[in-house]
Amino acid sequence: MRIGFGYDNHRLIANRPLMVGGIEIPSLLGEDAHSDGDVLIHAIIDALLGAMAMGDIGSHFPPSDERYRNIDSKILLAETMNETRADIINLDATVILEKIKLRKHIEDIRKNLAKLLNLDISRISVKAKTHEGVDATGRNEAVEAYAVVLLENE
Ligand code: MG
């Protein structure tokens, strides 16, 4: 068994979609990013790579590479799962958004992650928090995600 931890954040700006776990959340602000900016999928990718001591998302999918401009992060996740070649036992994640309410989208996000990770939904936890008005995330200027995965080597 191996445990992995991942973190990501993105600045929130106008005229961008807000992608969280492969779901587009209705919002006037979205992630500023080279890819589609899906903060939760990026944290999960770093957790998977971290569990296997295989570096991080930036080393696998460099933002300087034009192939990854506006790329759907689901594609990056699928490539990561191919590279890590391990069975995921469970995922626990937290997304931090100050003003945009995630709660009513949590079940859709969990269902989507279950499909993407090929896992039963009972093994996927996604929690939503605010930043209590503190710092840039608390001013609704950024979104953050934390993810922990447990893997079993094939
Ligand atoms: Mg990112």
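So, which residues are the protein donors of the magnesium ion? They're D8 (OD), H10 (NE2) and H42 (ND1), sitting 2.1 to 2.2 Å from the ion. By donors I mean N, O and S atoms within 2.8 Å of the metal (3.2 Å for Na, K and Ca), and as water is not among the atoms, sites may look incomplete.

Quick background: this is a predicted model, where local features need pLDDT of at least 70 and side-chain atom pairs count only at pLDDT 80 or more, while totals for chains, interfaces and linings use all residues. Residues are numbered from 1 along each chain as its sequence is written, and side-chain values use heavy atoms, with hydrogens and water left out.

Back to the metal. Along the sequence, the donor residues follow the spacing D-x1-H-x31-H. D8 counts as buried because its relative accessibility is 15%, and buried means under 20% relative accessible area, with a 1.4 Å probe and protein chains only. H10 is buried too, at 13%.

Now, another histidine: H105. You'll find H105 in the loop between β5 (86-96) and α4 (106-117); helices here are DSSP runs of H or I with at least four residues, strands are runs of E with at least two, and both are numbered from the N terminus. Is H105 buried or exposed? With 12% relative accessibility, H105 counts as buried. Skipping neighbours within four places in sequence, H105 is in contact with I25 and P26, where contact means heavy atoms within 4.5 Å.

Conventions
Buried means under 20% relative accessible area, exposed over 50%, partly exposed in between (1.4 Å probe, protein chains only).
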